[in-house]
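The tour below goes from one selection to the next.

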Amino acid sequence: MDRREARVAYLAEVATKYYDQNKSQQDIADELGITRSAVSRLLTEARERGIVEIIVHYPWRTSADLERALMEMFPLKAARVLIRGNKAYDEMVTGLGVLAAQYFTNTMKSNDIVGISWGSGLYQTIRALRPASYPDAEVVQLVGAVGTERSSAMGPLLAPLLANQLGAPCRYLHAPLLTESEAGRAALLHDRSIRETLDVAARAAVALVGIGTTAPERYNPARHGYVSLAELEDIRAAGGVGLIVGEHYDIDGNVLDISINRRVVGISPENLKRIPTIIGVGGDAIKGEAILGALRGKWVNVLITDEAAARRVLQLVAPSRR
């Protein structure tokens, strides 16, 4: 094999590791004993020499008109509205994940603290992310338990999944404040590891938030007896963001003004207002009320949704503008 053939084979090896084996550039660098920037240059050379052909698919069309209408109506940094067409619900959620992953990838910096709640859209977002290496970043998840964590999309598995994709460490605080008494909660808040994790979460630069429905028949806390219908109405009136506002304590351990005593802080509403980029992911018309609450409450400043939900939100807003 001459030098030219050896070079082509080497480029093909690097490209195969990256594109076919889904390894991060840092992993390839460590494996081959070269720098990450060298791997990046090799991948560029492979593309330029036609050794690897990148086929870009655009299956997830978006509606510029609905995105513009949402941006005009609410103080959003960005809005992406998926044209659902005849896609089934699961296909639509996959598309939302792709759109959210694109925005997240373009926004995140190498040393960001990332907060994540839960939801099927966020699970699809993580799946759509290309493996990376951000050792100076950190993923934080503060979640409560509703007793229905029957899938990887619902609850504590999302934080380590995201951390693994980002090549970042993870602080993971699952239901530490789930107590029936103020004394018990106060005692837990003095635990050093819990306080440290809460303090890290308060410095999050990006949050990935699932916007679940607040429809009584589908809202997990209501369906499983954690809140009454009257309490659910309070949540909706407060701008309920699915599983987020239906929680009892804020990031500092203060009681929220909603009478729920079995929920724990996720990414608290008050903390969300301090995070520069909050990417809310949720679609389907039934989530219109929750999405509107998220926008009015400024819990979300980047909205990833679908055309049915966007039209429902605009329909709900229309009467108040007359």
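In this tour, buried means under 20% relative accessible area, exposed means over 50%, and partly exposed is in between, with a 1.4 Å probe and protein chains only. This is a predicted model, in which local features need pLDDT of at least 70 and side-chain atom pairs count only at pLDDT 80 or more, while totals for chains, interfaces and linings use all residues. Residues are numbered from 1 along each chain as its sequence is written, and side-chain values use heavy atoms, with hydrogens and water left out.

**Stop 1: R312 and E289**

Select R312, which is partly exposed at a relative accessible area of 25%. Its salt-bridge partner is E289, with the closest N and O atoms 2.9 Å apart. A salt bridge here is a side-chain nitrogen of Lys or Arg within 4 Å of a carboxyl oxygen of Asp or Glu. R312 lies in helix α14 (residues 307-317) and E289 in helix α13 (residues 288-296), so the pair ties together parts that are 23 residues apart in sequence. Helices (H or I, at least four residues) and strands (E, at least two) are DSSP runs, numbered from the N terminus. E289 is partly exposed as well, with a relative accessible area of 28%.

**Stop 2: A294**

Stay in helix α13 and select A294. With 0% relative accessibility, A294 is buried.

**Stop 3: α4 against α14**

Show helices α4 and α14, whose axes come within 10 Å and cross at roughly 40°. Axes are lines fitted to C-alpha atoms, for helices over the stretch in contact, and angles run from 0 to 180 degrees between N-to-C directions. How are α4 and α14 set relative to each other? They are oblique, given that angles under 35 degrees count as roughly parallel, over 145 as roughly antiparallel, 65 to 115 as roughly perpendicular and the rest as oblique. The crossing of α4 and α14 is left-handed, that is, the near helix is turned anticlockwise from the far one by less than a right angle.

For the side chains, select L66, A69, L70 and M73 in α4, which meet E307, A310, R311, V313, L314 and V317 in α14. By class, this contact of α4 with α14 has eight nonpolar, no polar and two charged residues. Ala, Val, Leu, Ile, Met, Phe, Trp, Tyr, Cys and Pro count as nonpolar, Asp, Glu, Lys and Arg as charged, and the others, Gly among them, as polar.

**Stop 4**

Remain in helix α4 and select E67. E67 is buried at 13% relative accessibility. Beyond its neighbours within four places in sequence, E67 is in contact (heavy atoms within 4.5 Å) with T62, A79, R80 and V81. The side chains of E67 and R80 form a salt bridge (3.7 Å, N to O). Since R80 lies in strand β1 (residues 78-82) and E67 in helix α4 (residues 64-73), the pair ties together parts that are 13 residues apart in sequence. R80 is partly exposed, at 24% relative accessibility.

**Stop 5: E138 and R171**

Go to E138 and R171, whose side chains meet in a salt bridge (2.7 Å, N to O). E138 lies in strand β3 (residues 138-143) and R171 in strand β4 (residues 170-174), so the pair ties together parts that are 33 residues apart in sequence. E138 is buried, at a relative accessible area of 17%, whereas R171 is partly exposed, at 26%.

**Last stop: R7, E45 and R49**

Finally, select R7, E45 and R49, which are linked in a network of salt bridges. The structure holds ten salt bridges.
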